[in-house]
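Dear colleague,

Please find below the structure that I am handing over to you. My findings follow directly after it.

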Amino acid sequence: MTATLVPRRSRRANQKRPSVLLIGLVCAVTLIFVAPLVYLVLGAWSGGRFWEILASESIRQPLFNSLALGISVAVLTSVVGTALAVLVSRTDLPGRRFWRVALALPLVIPSFVGATALLAATGRGGLLSAIPTPTGFWGAFLVLSLFSYPYVYLPVLARLATTSPSVEEASRLLGKPAMATVLRVLLPQLRTAIVGGGLLVFLYVLSDFGAVSLLRFDTLTRVIYGARLLDRELSLTLGLILAVLALAVTLLARGTVETSVPQVTRARARGLYGLGRWRPLGLIVVALPFFFGIVAPVVVFLIWVFRGSTTIGVGYSGWGDDLGFLASPLGGSTLAAVSAGVAAVVITLPVAFAVVRRSGRLVRLAGSVVTSVFALPGLVVALALVSWVINAPSAFGAFYQTFPLLILGYVLHFGAQSLRSSQSALGSVPPRFDEAAATLGAAAPRRFASIDLPLVLPGLLAAGGLVLLSTLKELPATLILAPIGFETLATVIWNAAEDGFYAQVGITSLTLIALSAVLTWALVLRRELSR
């Protein structure tokens, strides 16, 4: 498949101005998404300690740690993810079809679950007691690299499916060796996918809370969570710093995106690079991340389940014990995830429709606001919501630690995923359908309900599914916003790990991994790996 580029300006030429109703809906959505960031700025500035906190030496080390960890993991995963994608798509590696899917599977394991497995599997009393537990920077670096490289691997793999083989073939005909062709011809075509994936990994690491907390590495997220009750102004200020960093990276990422929309056309089959005597090394390279990112954690969880717990009668004690305790967190995760998915699609759909079908600065601003909030860590979004509700009038204060506030936090954090998928679905519907209905006298709401909605419904379901998948694995926002007594699989794993109930951690983690794997395959891998 090759890509031909269609200028966006030609599409916008035929766009209409939005109606008053649509403008009202877009403005309402924009205000909802921008409110946490505005309150974060006002809350950090109004206390009078903003510059004092910025100049404090106590935040320099966490800030340095966050940046060092994010940059290190982003660089390593960019190299590893790109190398793996090239190996499974452009070489004669044995079992390429299996490895294409297997190497994306670490995506289903949350980083804090992987960190829990690492802590219990190494060190004194662990399954591998001879291996010291790698805590601190190196532990966080190892865990986050293992479970975030698919964010580079998948977009590079998708980009490889659209590159033209003619330039590579010309290089080979001129006598260039395979390695030189890959480095000088193929990699430049993958630059935007590599950089975009690396920046996404940087954002992921910057917002991580569970893994760095379990591995005792002081980053901004860990300090923010620890100070949220005793020093709210410190939490808000550090949250604002984290938000500025995240938004700066988002703007940088936009600069790497192509300014045209790719349209896929059929192309000749691509030749494969022969590995020759390097084939065993290639197999080792692809097997290591799969083993340590999927096989090892699952084996650790299974051992915990079968070995059981020393705390008999407290929580889940091991194989054969009653699994009834999973009913509440499984139901809570399902309810929260489905509610967040539906709410995200409904709330962001007017913005998606306006961006695709209408024109104007307000419409483009709304799309940018919703997309930018996705860059904010869930911890920062939750902190802003809590601060806003606590200081709001009593009518709004009643929403503190309620289910609607939790769903709002999920929608704000993951709404951009729904927006992008909805835009893609709406963009696939030819405008002439709407124009034909308009000439027959059908009003805009009727045209959308009778023509657009049935055609884009599969895309909207996929949009809600992506939010659902992200919600299942979300931890810090859930810990802060969840109502008292409300449990999810993620919070049960977190609390059980802190209490040392590893049998309970094992069975709950396996449940979460299985559920995430099914959804990841249906919503992400099947689409990406079929390209």
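By the distance rule applied here, the count of salt bridges comes to three. Please bear in mind throughout that this is a predicted model.

One of these salt bridges pairs Asp231 with Arg49, whose closest N and O atoms are 3.1 Å apart. Asp231 sits in the loop between helix H13 (220-227) and helix H14 (232-255), while Arg49 belongs to the loop between helix H2 (20-46) and helix H3 (50-55), so the pair ties together parts that are 182 residues apart in sequence. Arg49 has a relative accessible area of 28% and is therefore partly exposed, because that category runs between the 20% limit for buried residues and the 50% limit for exposed ones.

A further salt bridge joins Asp92 and Arg279, with the closest N and O atoms 2.7 Å apart. This pair, too, links distant parts of the chain: Asp92 is in the loop between helix H4 (60-90) and helix H5 (96-102), Arg279 is in helix H15 (residues 279-307), and they are 187 residues apart. Both partners count as partly exposed, Asp92 at 25% relative accessibility and Arg279 at 32%.

There is also a salt bridge between the side chains of Arg222 and Asp218, at 3.2 Å from N to O. Arg222 is partly exposed, its relative accessible area being 26%, and Asp218 is likewise partly exposed, at 40%.

As to the overall architecture, the protein has 25 helices and two strands. Of its 531 residues, 51% are buried. When contacts between residues at least 6 apart in sequence are considered, 83% of them join residues at least 24 apart.

The axes of helix H16 (residues 327-357) and helix H17 (residues 361-373) come within 9 Å and cross at roughly 130 degrees. The crossing of H16 past H17 is left-handed. On the H16 side, the contact is made by Thr348, Val351, Ala354 and Val355, and on the H17 side by Val363, Ala366, Gly367 and Val370. Sorted by class, the contact of H16 with H17 comprises six nonpolar and two polar residues, with no charged residues.

Helix H24 (residues 489-499) is mostly covered, eight of its eleven residues being buried. The buried residues of H24 are Leu489, Ala490, Thr491, Val492, Ile493, Trp494, Ala496 and Ala497. After H24 comes Gly500, which has a positive phi, near 80 degrees.

Finally, which residues are in contact with Ser516, leaving aside its neighbours within four places in sequence? They are Val108, Leu469 and Lys473. Ser516 itself is found in helix H25 (residues 502-528). With a relative accessible area of 0%, Ser516 is buried.

Yours sincerely

Definitions and conventions:
Residues numbered from 1 in each chain as written. Predicted model: local features only at pLDDT ≥ 70, side-chain atom pairs only at ≥ 80, totals over all residues. Heavy atoms only, no water. Salt bridge = Lys/Arg side-chain N within 4 Å of Asp/Glu carboxyl O. Helix = DSSP H or I, 4+ residues; strand = E, 2+ residues; numbered from the N terminus. Buried < 20%, exposed > 50% of the residue type's maximum accessible area, 1.4 Å probe, protein only. Axes fitted to C-alpha atoms, helices over the stretch in contact; angles between N-to-C directions. Left-handed = near helix turned anticlockwise from the far one by under 90°. Contact = heavy atoms within 4.5 Å. Nonpolar A, V, L, I, M, F, W, Y, C, P; charged D, E, K, R; others polar.
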